[in-house]
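Hi,

Here is the structure I promised to pass on.

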Amino acid sequence: MSGQLNPQIWPASATRNSAGEISIAGLSVTEIAKEYGTPVFVFDEADVRKRARDYVTAFTVDDIQTTVHYAAKAFITTKIAQWVHQEGLGIDVASAGELEVALRAGIDPSHIIMHGNNKSVSDLERAVEVGVARIVIDSLIEIERLNAIAARAGIVQQVLLRLTVGVEAHTHEAISTAHEDQKFGLSVASGMAMAAVESVLACDALSLAGLHSHIGSQIFDATGFELATHRVVDFAAQIRDIHGISVSELDVGGGMGIAYVAGDDPLDVFEMANSILDIVRTQCARVKLPIPHISVEPGRAIIGNPGITVYEVGTVKPVVLDSGMVRHYISVDGGMSDNIRTALYDAQYSISLANRTPGDLQVISRVVGKHCETGDIVVRDCELPADIRPGDLVAVAATGAYCRSMASNYNHIPRPAVVSVARGVSQVLLRRESIADVLATDPGIN
Ligand SMILES: Cc1ncc(COP(=O)(O)O)c(C=O)c1O
């Protein structure tokens with residue numbers, strides 16, 4: 001686990017030099033750590049751009065109009081928004097904050113769609129004011145709310161309806177989103193989705209552009225998409241039969257999985273795109289529906305693997321287990337405040353000593369953070385060199401998605417810097433927070 005850098009998991013440019021140092025796009029993590037401190041997130045810009053470009057290429061076909069929106073929730077900064085937009089993607093935002101990042105990046109709102117199960121009035125007002133292309137409706141209450149806002153603004157807002165189609169994505173419960181008993185979407189089975197169609201059609205300031213379905217995250221094959229698309233297309237046929245209108249857009253969501261550890265084997269982007277587009281063709285033909293405009297919203301599949309986290313080791317503690325086996329607890333200078341996924345989803349990661357060539361002996365290890373929680377684990381089970389010591393750097397692969405974006409200030413720990421590297425040159429995407437930043441929201445005792 002600590003020698004070879006599996007290209008399925010690590011950034012495309014990740015290499016190890018003769019001194020054992022890992023470098024990204026030609027810059028060693030030792031140099032990066034010296035300049036920016038640790039923990040630090042490091043992104044390979046060319047790799048992000050290539051994965052974004054591949055999505056557009058894979059979804060470009062002669063017979064179907066398609067759009068790829070980058071799911072900002074995975075991780076966004078103004079520069080990342082700019083990169084993916086330059087590669088041809090729009091942006092899917094899930095909050096007013098993500099919207100502002102996309103706008104700061106200069107992205108025309110006609111390339112932005114907004115999600116959220118509880119968008120506030122001010123979120124919706126801002127989205128309407130700037131003119132986002134689509135707002136994805138998630139509840140009946142939101143229809144009235146948005147209609148009133150759009151009417152006040154004197155516009156007709158294009159909307160998609162987020163459907164709950166009763167499909168269990170084969171992934172962790174917390175990231176599976178289209179089964180019935182959860183908070184997202186309008187249930188088709190209960191009739192709520194058809195009630196939403198009727199309600200939108202009755203609104204003067206809303207126009208039903210299409211339907212949306214997102215079944216979950218870390219999906220490795222197209223089976224879930226097939227079942228979901230089958231149900232969404234059936235629903236579109238019902239709308240046609242009852243209301244005489246053909247839905248012109250279908251957004252199949254994101255959730256395309258990536259490799260975190262050896263053995264993870266998701267479909268590649270071209271296989272996934274071919275499968276999804278074939279499913280759409282087959283399902284639309286089945287109910288004699290014209291093929292609608294298809295959108296997808298990948299986040300993790302673009303930003304996950306190009307990012308790593310570099311930590312400095314602070315302590316190493318051998319712990320004797322009941323079995324008599326010894327496990328090294330290796331404490332690093334971050335933890336659940338910069339990567340909550342291990343605690344939240346039992347996520348698994350690949351980790352490697354990053355600053356030197358190790359001795360030959362590997363030991364069972366657990367890499368833990370510096371927070372006051374037993375569950376503050378970065379990598380639960382791994383083998384690391386027995387001679388790992390304070391001051392060493394370790395790199396955790398595939399932390400680009402849902403790590404810095406979900407980071408917190410637990411224990412008043414400032415959040416790490418994020419840098420990107422291209423052709424040996426680094427730049428700051430987000431500067432490191434200081435303790436002063438963390439204290440800035442506390443007015444003090446006077
Ligand atoms: C509606 C929607 N679209 C897209 C995504 C992106 O998912 P992923 O990053 O797994 O591709 C999510 C993730 O939660 C989502 O909820």
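How do the residues of the shell around the ligand divide into nonpolar, polar and charged? There are six nonpolar, seven polar and four charged (Ala, Val, Leu, Ile, Met, Phe, Trp, Tyr, Cys and Pro count as nonpolar, Asp, Glu, Lys and Arg as charged, the others, Gly among them, as polar). Of the 17 residues around the ligand, the nearest are Ala71, Ser217, Gly254, Gly299 and Arg300 (near is a C-beta atom, placed from the backbone, within 6 Å).

Before you dig in: this is a predicted model, with local features needing pLDDT of at least 70 and side-chain atom pairs pLDDT 80 or more, while totals for chains, interfaces and linings use all residues. Numbering starts from 1 along each chain as its sequence is written.

Now strand 14 (residues 307-320). Strands are DSSP runs of E, at least two residues, numbered from the N terminus, and two of them pair if DSSP finds at least two bridges between them. Its antiparallel partners include:
- strand 4 (residues 40-44), over four bridges, with Phe43 partnered by Gly307;
- strand 19 (residues 393-396), also over four bridges, where Val310 stands opposite Ala395;
- strand 15 (residues 326-332), over seven bridges, with Lys317 opposite Tyr329.

Strands 14 and 15 form a hairpin with five residues between them, and Gly324 in the turn has a positive phi of about 95°.

Val310 and Ala395 turn up again among the residues with the most contacts inside the largest nonpolar core, which has 130 residues (buried Ala, Val, Leu, Ile, Met, Phe, Trp, Tyr and Cys joined through C-beta atoms within 7 Å; buried is 20 or more other C-beta atoms within 10 Å).

Cheers

Methods: Buried ≥ 20, exposed ≤ 12 C-beta atoms within 10 Å, placed from the backbone.
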